Amino acid sequence: LDITDEYCSTALHYACGKGKTHCVALLCKDRRMTRRIINLKSMDCDATALMQAVENGFFSCVERMTEIAGVDWATKNREGQSLEDVARDEKYTGLLKFLRKFMSENDSPRQYKKRKLSKLTQVLENLDDDMKVEDIALGDEYKKKVEDIKADCSTRRKELEEDYARQREGLDNELRDELSAIHESNEKQKQRLENQHKKKKEALKTEIKGRMSPVKSVPPAPECPAKSLPPAPECPIC
């Protein structure tokens, strides 16, 4: 299986290049068919057996190659063309559709690695973009929170000022009422004391005036003459 001709072509190259589908099937079943032999490139056209099958439009050979493990479906020829490029240039419409479908459903290890690296790169770029978006969103959220806090503080300050003004007005009214009540009570006490003082003063003046005036002698009462009583009559019995 690994014997090659002067152009480094194997039996698999000849089978695929000549469209010998049954030979391809027999070679695929051989356990000695390794990944190196399968993907070996010929020296004359720098193409693998699979590439030669595609270049010659042997659809059935390409289908048989799908049964072999380790086939490099990302291989390219000397001009740098892929399997799909060759099928498109040669206008093998059916083969091109088959290749697209098969390769989309079954990635080769190399394709998988490239796709995975590409996907990781895209994820990294998306992550950077997401971080920028999140950073902007975080900044906007921070600004909004600061504005909300300032607005809340301003509202609470205004409420406190209004409440303080009401309390101060209430305290001023209470103080005014208490001072008015104290003043009224003081005026009443003052009036009462003045009245008491006035009465005491008048009483003292009256007493002093009575003590300082002379005592008048009271003339003796005239004696009444004793009237003579008539003699008592004698008792007839005696």
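Student: Let's start with Cys153: how exposed is that residue?

Tutor: Keep in mind that we're looking at a predicted model. Cys153 comes out as partly exposed, with 39% relative accessible area.

Student: And Cys61, is that one buried or exposed?

Tutor: Cys61 is buried, at 0% relative accessibility.

Student: How many disulfides does the structure hold?

Tutor: General idea to begin with: a disulfide is a covalent bond joining the sulfur atoms of two cysteines. In this structure there are zero.

Student: OK, on to the rings. How many aromatic pairs are there?

Tutor: You look for ring centres within 6.5 Å, then check the angle between the planes. That gives three pairs here. Take Trp73 and Phe102: the centres are 4.5 Å apart and the planes at 50°, so this pair is tilted.

Student: Where do Trp73 and Phe102 lie?

Tutor: Trp73 is in the loop between α5 (59-65) and α6 (83-89), while Phe102 is in helix α7 (residues 93-105), so the pair ties together parts 29 residues apart in sequence. Trp73 is buried at 5% relative accessibility, and Phe102 is buried too, at 14%.

Student: What about Phe98 and Phe102, how are those rings arranged?

Tutor: They're stacked, 6.2 Å centre to centre with 10° between the planes. Both belong to helix α7, four residues apart, or about one turn of the helix.

Student: Which residues form the aromatic cluster?

Tutor: Phe59, Trp73, Phe98 and Phe102 make up one cluster.

Note on methods
Residues numbered from 1 in each chain as written. Predicted model: local features only at pLDDT ≥ 70, side-chain atom pairs only at ≥ 80, totals over all residues. Heavy atoms only, no water. Disulfide = S-S within 2.5 Å. Buried < 20%, exposed > 50% of the residue type's maximum accessible area, 1.4 Å probe, protein only. Phe/Tyr/Trp six-rings, centres within 6.5 Å; stacked < 30°, edge-to-face > 60°. Helix = DSSP H or I, 4+ residues; strand = E, 2+ residues; numbered from the N terminus.
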